[in-house]
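Look at the sequence and the model below.

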Amino acid sequence: MQTEIFVQNVKRYCNLKGVKPTVACAESGAGKDLLGQLSKRGTVPSVERVQLLAQYLGCTVSDLLGETPSALPDVPE
């Protein structure tokens, strides 16, 4: 898993949904610290957590992982 791509894609989909990434992670059941764990500790989330987040954001796991081409706008850092 390319962590940087995953985190950016989560941010993009959150931006489209109008929700903060930590809120999306918490409300989806993936865990509110998911992105922090990925960015700071380099941990890899379980497939279940990624699926929960994708379902909440209305996209596929492949979309979040960057396996499919994205037409989403870039998100400012």
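Begin with helix α2 (residues 21-28) and helix α4 (residues 47-57), whose axes come within 9 Å and cross at roughly 110 degrees. An axis here is a line fitted to C-alpha atoms, for helices over the stretch in contact, and angles run from 0 to 180 degrees between N-to-C directions. Helices (H or I, at least four residues) and strands (E, at least two) are DSSP runs, numbered from the N terminus. The angle makes α2 roughly perpendicular to α4; angles of 65 to 115 degrees count as roughly perpendicular, under 35 as roughly parallel, over 145 as roughly antiparallel, and the rest as oblique. The crossing of α2 and α4 is right-handed. A crossing is right-handed if the near helix is turned clockwise from the far one by less than a right angle, and left-handed if anticlockwise.

Contact means heavy atoms within 4.5 Å. On the α2 side the contact is made by A24, C25, E27 and S28, and on the α4 side by L52, L53, Y56 and L57. Of these residues, six are nonpolar, one is polar and one is charged. Ala, Val, Leu, Ile, Met, Phe, Trp, Tyr, Cys and Pro count as nonpolar, Asp, Glu, Lys and Arg as charged, and the others, Gly among them, as polar.

The model is predicted: local features need pLDDT of at least 70, side-chain atom pairs count only at pLDDT 80 or more, and totals for chains, interfaces and linings use all residues. Residues are numbered from 1 along each chain as its sequence is written, and side-chain values use heavy atoms, with hydrogens and water left out.

How does helix α1 (residues 3-17) meet α4? Their axes come within 10 Å and cross at roughly 30 degrees, which makes α1 roughly parallel to α4. This crossing is left-handed. F6, V10, Y13, C14 and K17 of α1 touch V50, L53, Y56 and L57 of α4. The residues of this contact divide into eight nonpolar, no polar and one charged.

The protein has five helices and zero strands. Of its 77 residues, 34% count as buried, meaning under 20% relative accessible area, with exposed over 50% and partly exposed in between (1.4 Å probe, protein chains only).

Finally, take I5, a residue of helix α1. I5 is partly exposed, because its relative accessible area is 34%. The C-alpha atoms of I5 and L65 are 6.7 Å apart, although 60 residues separate the two along the chain. Leaving aside neighbours within four places in sequence, I5 is in contact with L64, L65 and G66.
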